[in-house]
Amino acid sequence: MIDLDNVRHNVALLAGLAPRAETMVVVKADGYGHGAVEVARAALEAGATWLGSCSLAEALALRAAGISAPVLAWLDPAGTDYAPGVAAGVDLSVSSQRQLVEVAGAARAVGREARVHLKVDTGLSRNGCPSDEWPALVGKAAATPEVRVHAVWSHLACADEAGHPATDAQAERFDDAYREALAAGLEPIRHLANSAALLTRPDLHFDLVRPGIAAYGLNPVPEAFDLRPAMAFRSSVALTKRIPAGESVSYGLGWTAERDTTLALVPVGYADGVPRSLSHRMDVWLAGRRRPVVGRVCMDQVVVDCGDDAVAEGAEVVLFGAGTAGEPTAREWAEATGTIDYEIVTGMYRPRVARVYR
Ligand SMILES: *Cc1c(COP(=O)(O)O)cnc(C)c1O
(Lines give C-alpha, C1' and ligand atoms only; values in the text may rest on other atoms or scores of the structure.)
Protein backbone atom coordinates (compact mmCIF):
# COMPACT_ATOMS: atom_id res chain seq x y z
CA MET A 1 0.00 0.00 0.00
CA ILE A 2 1.22 3.48 -0.88
CA ASP A 3 0.21 6.28 1.46
CA LEU A 4 0.09 9.41 -0.69
CA ASP A 5 -0.71 11.51 2.38
CA ASN A 6 2.75 10.60 3.61
CA VAL A 7 4.25 11.62 0.25
CA ARG A 8 2.46 14.96 0.55
CA HIS A 9 3.65 15.36 4.14
CA ASN A 10 7.26 14.59 3.17
CA VAL A 11 7.29 16.88 0.14
CA ALA A 12 5.83 19.77 2.13
CA LEU A 13 8.44 19.19 4.84
CA LEU A 14 11.27 19.10 2.29
CA ALA A 15 10.05 22.16 0.42
CA GLY A 16 9.89 23.97 3.76
CA LEU A 17 13.49 23.03 4.52
CA ALA A 18 14.61 24.65 1.25
CA PRO A 19 12.52 27.81 1.26
CA ARG A 20 14.58 29.75 -1.25
CA ALA A 21 14.69 26.92 -3.80
CA GLU A 22 12.08 25.25 -5.93
CA THR A 23 11.57 21.54 -5.35
CA MET A 24 11.95 18.85 -8.00
CA VAL A 25 10.66 15.53 -6.77
CA VAL A 26 12.49 12.67 -8.46
CA VAL A 27 10.08 10.02 -9.71
CA LYS A 28 12.49 7.85 -11.73
CA ALA A 29 12.15 4.06 -11.66
CA ASP A 30 8.39 4.40 -11.46
CA GLY A 31 8.60 6.63 -8.45
CA TYR A 32 11.16 4.44 -6.61
CA GLY A 33 8.62 1.63 -6.93
CA HIS A 34 5.73 3.72 -5.59
CA GLY A 35 4.12 4.70 -8.92
CA ALA A 36 5.51 7.71 -10.80
CA VAL A 37 2.25 9.30 -11.87
CA GLU A 38 0.51 9.01 -8.51
CA VAL A 39 3.56 10.27 -6.63
CA ALA A 40 4.08 13.10 -9.13
CA ARG A 41 0.52 14.33 -8.64
CA ALA A 42 0.79 14.14 -4.85
CA ALA A 43 4.16 15.92 -4.91
CA LEU A 44 2.83 18.76 -7.05
CA GLU A 45 -0.14 19.14 -4.71
CA ALA A 46 2.25 19.42 -1.77
CA GLY A 47 4.43 22.16 -3.20
CA ALA A 48 6.86 20.56 -5.65
CA THR A 49 7.10 22.53 -8.89
CA TRP A 50 9.37 20.20 -10.85
CA LEU A 51 9.60 16.48 -11.50
CA GLY A 52 12.76 14.55 -12.26
CA SER A 53 12.96 11.36 -14.29
CA CYS A 54 15.89 9.37 -15.52
CA SER A 55 14.86 8.41 -19.05
CA LEU A 56 12.95 10.44 -21.57
CA ALA A 57 10.38 7.62 -21.75
CA GLU A 58 9.68 8.11 -18.04
CA ALA A 59 9.18 11.84 -18.60
CA LEU A 60 6.88 11.22 -21.55
CA ALA A 61 4.80 8.85 -19.43
CA LEU A 62 4.16 11.75 -17.04
CA ARG A 63 3.10 13.94 -19.96
CA ALA A 64 0.85 11.14 -21.27
CA ALA A 65 -0.85 11.09 -17.88
CA GLY A 66 -1.68 14.76 -18.31
CA ILE A 67 1.03 16.19 -16.05
CA SER A 68 2.20 19.51 -17.45
CA ALA A 69 4.66 20.60 -14.72
CA PRO A 70 8.31 21.03 -15.73
CA VAL A 71 10.05 17.66 -16.03
CA LEU A 72 13.76 17.03 -16.44
CA ALA A 73 14.99 13.82 -18.10
CA TRP A 74 18.68 13.11 -17.67
CA LEU A 75 19.91 9.82 -19.02
CA ASP A 76 19.31 7.86 -22.21
CA PRO A 77 21.47 5.82 -24.56
CA ALA A 78 23.39 7.49 -27.37
CA GLY A 79 21.27 7.84 -30.46
CA THR A 80 18.03 8.46 -28.56
CA ASP A 81 15.48 10.46 -30.52
CA TYR A 82 14.85 13.53 -28.38
CA ALA A 83 12.19 14.94 -30.71
CA PRO A 84 9.22 13.59 -28.71
CA GLY A 85 10.76 15.15 -25.61
CA VAL A 86 11.18 18.54 -27.22
CA ALA A 87 7.66 18.34 -28.61
CA ALA A 88 6.29 17.52 -25.15
CA GLY A 89 8.19 20.34 -23.49
CA VAL A 90 10.44 18.04 -21.46
CA ASP A 91 13.66 19.63 -20.21
CA LEU A 92 16.66 17.60 -21.35
CA SER A 93 20.00 17.16 -19.65
CA VAL A 94 23.10 17.52 -21.81
CA SER A 95 26.50 16.22 -20.75
CA SER A 96 28.44 16.40 -24.01
CA GLN A 97 28.70 18.18 -27.33
CA ARG A 98 27.43 15.06 -29.05
CA GLN A 99 24.24 15.18 -26.97
CA LEU A 100 23.92 18.90 -27.58
CA VAL A 101 24.00 18.28 -31.33
CA GLU A 102 21.40 15.51 -30.99
CA VAL A 103 19.07 17.72 -28.94
CA ALA A 104 19.53 20.68 -31.31
CA GLY A 105 18.69 18.38 -34.22
CA ALA A 106 15.53 17.26 -32.44
CA ALA A 107 14.58 20.88 -31.80
CA ARG A 108 15.03 21.71 -35.49
CA ALA A 109 12.95 18.69 -36.48
CA VAL A 110 10.14 19.68 -34.14
CA GLY A 111 10.36 23.40 -34.85
CA ARG A 112 10.57 24.26 -31.17
CA GLU A 113 13.39 25.44 -28.93
CA ALA A 114 14.74 22.74 -26.61
CA ARG A 115 15.26 23.67 -22.97
CA VAL A 116 18.41 22.04 -21.63
CA HIS A 117 20.22 21.64 -18.32
CA LEU A 118 23.97 21.36 -18.84
CA LYS A 119 25.35 18.74 -16.48
CA VAL A 120 28.89 19.07 -15.20
CA ASP A 121 30.78 16.19 -13.63
CA THR A 122 32.17 17.64 -10.41
CA GLY A 123 33.72 14.41 -9.16
CA LEU A 124 31.20 11.59 -9.25
CA SER A 125 32.68 10.44 -12.58
CA ARG A 126 29.38 9.13 -13.77
CA ASN A 127 27.12 11.27 -15.92
CA GLY A 128 28.06 14.89 -16.69
CA CYS A 129 30.67 16.74 -18.70
CA PRO A 130 34.26 16.52 -17.40
CA SER A 131 35.81 19.86 -16.36
CA ASP A 132 38.28 20.00 -19.24
CA GLU A 133 35.50 19.76 -21.82
CA TRP A 134 33.14 22.09 -19.98
CA PRO A 135 34.24 25.47 -21.40
CA ALA A 136 33.79 24.14 -24.94
CA LEU A 137 30.36 22.71 -24.06
CA VAL A 138 29.04 25.93 -22.56
CA GLY A 139 30.49 27.91 -25.48
CA LYS A 140 28.83 25.66 -27.99
CA ALA A 141 25.52 25.68 -26.09
CA ALA A 142 25.56 29.48 -25.99
CA ALA A 143 26.08 29.51 -29.76
CA THR A 144 23.34 26.98 -30.55
CA PRO A 145 20.11 28.84 -31.32
CA GLU A 146 17.90 25.74 -31.13
CA VAL A 147 18.59 25.24 -27.42
CA ARG A 148 18.05 27.45 -24.44
CA VAL A 149 20.19 26.67 -21.43
CA HIS A 150 17.96 26.81 -18.39
CA ALA A 151 20.29 25.34 -15.80
CA VAL A 152 23.74 24.17 -14.85
CA TRP A 153 23.65 21.17 -12.61
CA SER A 154 25.62 18.33 -11.07
CA HIS A 155 25.21 15.41 -8.68
CA LEU A 156 26.98 14.69 -5.38
CA ALA A 157 28.84 11.48 -4.53
CA CYS A 158 28.96 11.55 -0.72
CA ALA A 159 26.22 13.87 0.49
CA ASP A 160 24.92 11.17 2.85
CA GLU A 161 28.19 11.17 4.80
CA ALA A 162 28.22 14.25 7.01
CA GLY A 163 31.33 16.36 6.59
CA HIS A 164 32.76 14.29 3.77
CA PRO A 165 35.42 16.47 2.11
CA ALA A 166 34.31 15.42 -1.39
CA THR A 167 31.11 17.44 -1.02
CA ASP A 168 32.97 20.72 -0.56
CA ALA A 169 35.36 19.81 -3.37
CA GLN A 170 32.39 19.15 -5.66
CA ALA A 171 30.75 22.40 -4.59
CA GLU A 172 33.92 24.30 -5.54
CA ARG A 173 34.08 22.70 -8.96
CA PHE A 174 30.37 23.42 -9.38
CA ASP A 175 31.01 27.05 -8.65
CA ASP A 176 33.82 27.16 -11.23
CA ALA A 177 31.56 25.55 -13.81
CA TYR A 178 28.80 28.05 -13.08
CA ARG A 179 31.19 30.97 -13.53
CA GLU A 180 32.39 29.53 -16.82
CA ALA A 181 28.78 29.33 -17.98
CA LEU A 182 28.25 32.98 -17.04
CA ALA A 183 31.43 33.90 -18.87
CA ALA A 184 30.03 32.18 -21.96
CA GLY A 185 27.05 34.50 -21.79
CA LEU A 186 24.58 32.04 -20.23
CA GLU A 187 22.28 32.94 -17.34
CA PRO A 188 21.39 29.55 -15.91
CA ILE A 189 19.80 28.55 -12.64
CA ARG A 190 21.77 26.02 -10.56
CA HIS A 191 20.85 22.73 -8.90
CA LEU A 192 22.96 20.21 -7.04
CA ALA A 193 21.21 18.85 -3.93
CA ASN A 194 19.75 15.35 -3.63
CA SER A 195 17.80 14.39 -0.49
CA ALA A 196 20.88 14.11 1.69
CA ALA A 197 22.20 17.53 0.67
CA LEU A 198 18.75 19.06 0.97
CA LEU A 199 18.54 17.79 4.56
CA THR A 200 22.07 18.66 5.68
CA ARG A 201 23.58 21.30 3.39
CA PRO A 202 21.36 24.37 3.06
CA ASP A 203 24.32 26.18 1.53
CA LEU A 204 23.99 23.87 -1.49
CA HIS A 205 20.28 24.33 -2.16
CA PHE A 206 20.84 26.93 -4.93
CA ASP A 207 17.69 27.50 -7.07
CA LEU A 208 16.25 24.00 -7.12
CA VAL A 209 16.60 20.90 -4.92
CA ARG A 210 16.11 17.34 -6.20
CA PRO A 211 14.89 15.06 -3.42
CA GLY A 212 14.07 11.49 -4.29
CA ILE A 213 14.26 9.02 -1.41
CA ALA A 214 13.22 11.51 1.28
CA ALA A 215 9.99 12.29 -0.58
CA TYR A 216 9.14 8.60 -0.12
CA GLY A 217 9.78 8.96 3.60
CA LEU A 218 13.13 7.19 3.82
CA ASN A 219 15.89 9.17 5.47
CA PRO A 220 19.36 8.88 3.88
CA VAL A 221 21.19 10.68 6.72
CA PRO A 222 21.65 9.90 10.43
CA GLU A 223 20.02 13.14 11.61
CA ALA A 224 16.33 12.76 12.51
CA PHE A 225 13.60 14.34 10.40
CA ASP A 226 9.86 13.76 10.50
CA LEU A 227 9.83 11.73 7.29
CA ARG A 228 7.06 9.16 6.96
CA PRO A 229 7.60 6.05 4.83
CA ALA A 230 4.97 5.92 2.12
CA MET A 231 5.23 2.23 1.26
CA ALA A 232 3.89 -0.67 3.28
CA PHE A 233 4.06 -4.24 2.00
CA ARG A 234 1.12 -6.29 3.20
CA SER A 235 -0.41 -9.66 2.59
CA SER A 236 -2.69 -11.93 4.56
CA VAL A 237 -2.76 -15.42 5.99
CA ALA A 238 -3.77 -17.98 3.37
CA LEU A 239 -3.81 -21.06 5.61
CA THR A 240 -3.08 -22.02 9.21
CA LYS A 241 -2.19 -25.42 10.62
CA ARG A 242 -0.90 -27.09 13.76
CA ILE A 243 2.23 -29.16 13.48
CA PRO A 244 3.64 -31.42 16.19
CA ALA A 245 7.09 -30.98 17.70
CA GLY A 246 9.74 -32.48 15.42
CA GLU A 247 8.11 -31.53 12.12
CA SER A 248 10.18 -29.32 9.81
CA VAL A 249 9.29 -26.47 7.49
CA SER A 250 9.87 -25.43 3.86
CA TYR A 251 12.46 -26.50 1.26
CA GLY A 252 15.47 -28.19 2.78
CA LEU A 253 13.52 -28.65 6.02
CA GLY A 254 15.82 -26.04 7.56
CA TRP A 255 13.68 -25.29 10.60
CA THR A 256 12.23 -27.85 13.00
CA ALA A 257 9.52 -27.15 15.55
CA GLU A 258 10.76 -27.73 19.08
CA ARG A 259 7.19 -27.94 20.36
CA ASP A 260 3.73 -28.25 18.92
CA THR A 261 3.01 -24.98 17.15
CA THR A 262 0.69 -23.12 14.79
CA LEU A 263 2.02 -22.11 11.40
CA ALA A 264 0.56 -19.37 9.20
CA LEU A 265 1.16 -19.55 5.46
CA VAL A 266 1.56 -16.16 3.74
CA PRO A 267 1.30 -16.15 -0.06
CA VAL A 268 4.26 -13.90 -0.92
CA GLY A 269 7.82 -14.91 -1.71
CA TYR A 270 10.90 -13.85 -3.59
CA ALA A 271 8.91 -13.37 -6.80
CA ASP A 272 7.03 -10.68 -4.88
CA GLY A 273 10.05 -8.89 -3.48
CA VAL A 274 10.78 -10.84 -0.29
CA PRO A 275 14.55 -11.41 -0.53
CA ARG A 276 15.32 -15.13 -0.33
CA SER A 277 18.45 -14.16 1.59
CA LEU A 278 16.16 -13.21 4.49
CA SER A 279 15.35 -16.91 5.02
CA HIS A 280 15.57 -17.77 8.72
CA ARG A 281 16.15 -14.12 9.68
CA MET A 282 13.04 -12.09 9.11
CA ASP A 283 9.92 -11.28 11.05
CA VAL A 284 6.49 -10.17 9.98
CA TRP A 285 3.85 -8.24 11.89
CA LEU A 286 0.86 -10.51 12.41
CA ALA A 287 -1.98 -10.46 14.93
CA GLY A 288 -0.54 -7.64 17.00
CA ARG A 289 3.12 -8.64 17.24
CA ARG A 290 6.26 -9.55 15.37
CA ARG A 291 6.57 -13.22 14.57
CA PRO A 292 9.42 -15.10 12.88
CA VAL A 293 9.32 -16.45 9.36
CA VAL A 294 10.58 -20.02 9.68
CA GLY A 295 12.19 -22.09 6.97
CA ARG A 296 13.24 -20.83 3.58
CA VAL A 297 11.60 -17.97 1.73
CA CYS A 298 10.12 -19.61 -1.39
CA MET A 299 9.14 -18.11 -4.72
CA ASP A 300 5.52 -17.68 -3.72
CA GLN A 301 5.21 -18.16 0.01
CA VAL A 302 6.64 -17.86 3.49
CA VAL A 303 5.65 -19.64 6.70
CA VAL A 304 5.26 -17.83 10.03
CA ASP A 305 5.57 -19.49 13.44
CA CYS A 306 2.70 -18.35 15.65
CA GLY A 307 3.28 -20.61 18.66
CA ASP A 308 0.04 -21.27 20.50
CA ASP A 309 -1.61 -18.02 19.45
CA ALA A 310 -4.89 -18.21 17.60
CA VAL A 311 -4.23 -16.62 14.21
CA ALA A 312 -7.12 -16.35 11.77
CA GLU A 313 -6.91 -17.24 8.13
CA GLY A 314 -7.33 -13.95 6.29
CA ALA A 315 -5.56 -11.97 9.03
CA GLU A 316 -3.43 -9.10 7.74
CA VAL A 317 0.34 -9.63 7.59
CA VAL A 318 2.70 -6.66 7.34
CA LEU A 319 5.99 -7.61 5.68
CA PHE A 320 7.35 -4.09 6.13
CA GLY A 321 5.88 -0.70 6.87
CA ALA A 322 6.64 2.61 8.51
CA GLY A 323 7.76 0.84 11.69
CA THR A 324 5.55 2.95 13.94
CA ALA A 325 3.68 -0.02 15.42
CA GLY A 326 6.81 -2.15 15.67
CA GLU A 327 6.53 -3.79 12.27
CA PRO A 328 9.69 -4.39 10.22
CA THR A 329 10.83 -1.59 7.91
CA ALA A 330 12.42 -1.45 4.46
CA ARG A 331 15.54 -0.18 6.23
CA GLU A 332 15.61 -3.32 8.37
CA TRP A 333 15.43 -5.51 5.25
CA ALA A 334 18.17 -3.45 3.63
CA GLU A 335 20.48 -3.79 6.60
CA ALA A 336 19.87 -7.53 6.82
CA THR A 337 20.58 -8.06 3.13
CA GLY A 338 23.53 -5.69 2.73
CA THR A 339 21.86 -3.04 0.63
CA ILE A 340 20.05 0.29 1.01
CA ASP A 341 16.36 0.90 1.46
CA TYR A 342 16.30 2.54 -1.99
CA GLU A 343 16.82 -0.92 -3.51
CA ILE A 344 14.19 -2.57 -1.33
CA VAL A 345 11.36 -0.18 -2.23
CA THR A 346 12.39 0.17 -5.88
CA GLY A 347 12.42 -3.61 -6.13
CA MET A 348 8.81 -3.81 -4.99
CA TYR A 349 7.43 -2.99 -8.41
CA ARG A 350 6.22 -6.48 -9.24
CA PRO A 351 3.36 -7.54 -11.47
CA ARG A 352 1.97 -9.82 -8.78
CA VAL A 353 1.98 -7.21 -6.04
CA ALA A 354 -1.07 -4.99 -6.29
CA ARG A 355 -0.42 -1.34 -5.62
CA VAL A 356 -3.14 0.20 -3.51
CA TYR A 357 -3.14 3.93 -2.86
CA ARG A 358 -4.38 5.77 0.15
C1 LIG B 1 18.18 9.75 -8.12
C2 LIG B 1 18.70 11.13 -8.26
C3 LIG B 1 18.36 12.13 -7.33
C4 LIG B 1 17.61 11.85 -6.05
O5 LIG B 1 18.50 11.24 -5.14
P6 LIG B 1 18.00 10.83 -3.67
O7 LIG B 1 19.21 10.35 -2.98
O8 LIG B 1 16.99 9.75 -3.87
O9 LIG B 1 17.42 12.06 -3.08
C10 LIG B 1 18.76 13.43 -7.59
N11 LIG B 1 19.48 13.72 -8.69
C12 LIG B 1 19.85 12.78 -9.58
C13 LIG B 1 20.67 13.15 -10.76
C14 LIG B 1 19.49 11.46 -9.39
O15 LIG B 1 19.87 10.53 -10.28
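These questions and answers cover the ligand site, the pocket and the cavities of a predicted model.

Residues are numbered from 1 along each chain as its sequence is written. In this predicted model local features need pLDDT of at least 70, side-chain atom pairs count only at pLDDT 80 or more, totals for chains, interfaces and linings use all residues, and side-chain values use heavy atoms, with hydrogens and water left out.

Me: Which residues come nearest to the ligand?
Reply: A residue is near a molecule if one of its heavy atoms lies within 4 Å of it. There are 14 residues around the ligand. Those that come nearest are K28, Y32, S195, I213 and Y342.

Me: How are the residues of the shell around the ligand divided by class?
Reply: Ala, Val, Leu, Ile, Met, Phe, Trp, Tyr, Cys and Pro count as nonpolar, Asp, Glu, Lys and Arg as charged, and the others, Gly among them, as polar. The shell residues divide into 7 nonpolar, 4 polar and 3 charged.

Me: What space does the ligand take?
Reply: On a 1 Å grid over the protein atoms alone, a pocket is an open set of points with protein on both sides within 12 Å along at least five of seven lines; a cavity is a set where a 1.4 Å probe fits but cannot get out; lining residues have an atom within 4 Å of a point. A molecule sits in one if more than half of its atoms lie within 2 Å of its grid points. The ligand takes the space of the largest pocket.

Me: Which residues are closest to the centre of the largest pocket?
Reply: This pocket has a volume of about 700 Å³. Its lining counts 34 residues. By class they are 18 nonpolar, 8 polar and 8 charged. Closest to the centre are K28, Y32, H155, N194 and Y342.

Me: How much space lies in the largest cavity?
Reply: The count comes to 2 cavities of 30 Å³ or more. The lining of the largest includes A73, W74 and N127. Its space is about 80 Å³.

Me: What is the volume of the second largest cavity?
Reply: K119, S154 and H155 are among its lining residues. By class, the lining has 2 nonpolar, 4 polar and 2 charged residues. The volume is about 30 Å³.

How values were computed:
Grid points are joined across faces, edges and corners, and a volume is the space filled by probe spheres set on the points.
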